[in-house]
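I am opening this notebook page to keep track of what I looked up, entry by entry. The structure goes in first, and my notes follow below.

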Amino acid sequence: MRGRFITIEGTEGVGKTTNIEYIKQWLDTNHISFVSTREPGGTPLAEEIRELLLANREEKVCSKAELLMMFAGRAQHIDQVIEPQLAAGNWVLCDRFTDATYAYQGAGREMGNELIASLETMVHASMRPDLTLVLDVPVELGLERAGKRSEPDRFELEKTDFFNRVRNAYLSMAEQNPQRYKIIDASKTLEFVQQQIAYTLNNFLTTDHNG
Ligand code: T5A
């Protein structure tokens, strides 16, 4: 049976990295074989593209170049990791995927959805995540958490308005497709956030097996 594709999304510092560790434990406990990966990145080539994308530089990176680099890395990642793993029956747990492009490039950079939708079709046709957890926190809280953890990358230097557009885009995608997207209130204690995640994953597993 084909594996399941689970993605974790949200604005900066929402706790994706922290909670992915928890989800990996949940998968182990449920004896589900999986790989954990991320975007941008996930293969040696795509990780090099990630470095190009995140580096602070004097030259302004134009939005179309940024968008195409996101999809170049993604094409490689799908070809080398995501598709082969799903086809082999393993679950794929991915820190960000194309929803991040709709949120950051489409809404944050105000590029709109049309161009992204055509690249999405070109790169992964009708393949979509089976479940997307949207970790949601107010933008200021996420940036505060991220700021305590490390120096800002090129995206983290954006203004609050940019991240509010990103957050609203995620909430809007979740509202339009509540079957796939589950919003997790990540502003709460880590313990409560993980309870919400466990509840969502247990529901997904039950429904998936019944379906
Ligand atoms: N991007 C990506 C695009 O523009 N388009 C795309 O298509 C894609 C795929 C890199 C950047 O690329 C952009 C978006 C990003 O700007 P990334 O590596 O996922 O993507 O970058 P970040 O979102 O910055 O991810 P981070 O790893 O930096 O943040 P996390 O993983 O969300 O947060 P995490 O777990 O490191 O937590 C941050 C801090 O908060 C604490 C943690 O201990 C940590 O110190 N924390 C909590 N504290 C209190 N209560 C809780 N509940 C907490 N949860 C976490």
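I looked just past the end of helix 3 and found that Gly89 takes a positive phi of about 95 degrees. The helices I name (H or I, at least four residues) and the strands (E, at least two) are DSSP runs, numbered from the N terminus. I note that this is a predicted model, in which local features need pLDDT of at least 70 and side-chain atom pairs count only at pLDDT 80 or more, while totals for chains, interfaces and linings use all residues. Residues are numbered from 1 along each chain as its sequence is written, and side-chain values use heavy atoms, with hydrogens and water left out.

**Helix 3**

I checked the length of helix 3, residues 63-87: with 25 residues at 1.5 Å a residue it should span 36 Å, and its end C-alpha atoms are 33 Å apart, which agrees. The expected span is 1.5 Å times one less than the number of residues. I also found a bend of about 50 degrees at Ile78, where the bend is the angle between axes fitted to the seven residues ending there and the seven starting there.

Among the buried residues of helix 3 I listed Leu67, Phe71, His77 and Ile78; buried means under 20% relative accessible area, exposed over 50%, and partly exposed in between, with a 1.4 Å probe and protein chains only. The buried residues of this helix pack against several elements, including strand 1 (5-9), helix 2 (44-54) and helix 5 (114-124), where contact means heavy atoms within 4.5 Å.

**Two single residues**

Is Glu114 buried or exposed? Glu114 is found in helix 5, and because its relative accessibility is 72%, it counts as exposed.

Thr11 lies in the loop between strand 1 and helix 1 (16-29), and at 4% relative accessibility Thr11 counts as buried. Leaving out residues up to four places away in sequence, I noted that Thr11 touches, among others, Arg96, Tyr104, Phe163 and Tyr170.

**The ligand**

Which of the 28 residues around the ligand come nearest? I wrote down Thr17, Thr18, Arg96, Thr101 and Arg149, where a residue is near if one of its heavy atoms lies within 4 Å of the molecule.

I then looked at polar side-chain atoms: one of Thr101 lies 2.6 Å from an oxygen atom of the ligand, and one of Gln105 lies 2.9 Å from a nitrogen atom of the ligand. For Arg145, a polar side-chain atom lies 3.3 Å from a nitrogen atom of the ligand.

Terms used
A polar contact is a pair of N or O atoms within 3.5 Å; within protein, one must be able to donate a hydrogen and the other to accept it, and residues adjacent in sequence count only if both atoms are side-chain atoms.
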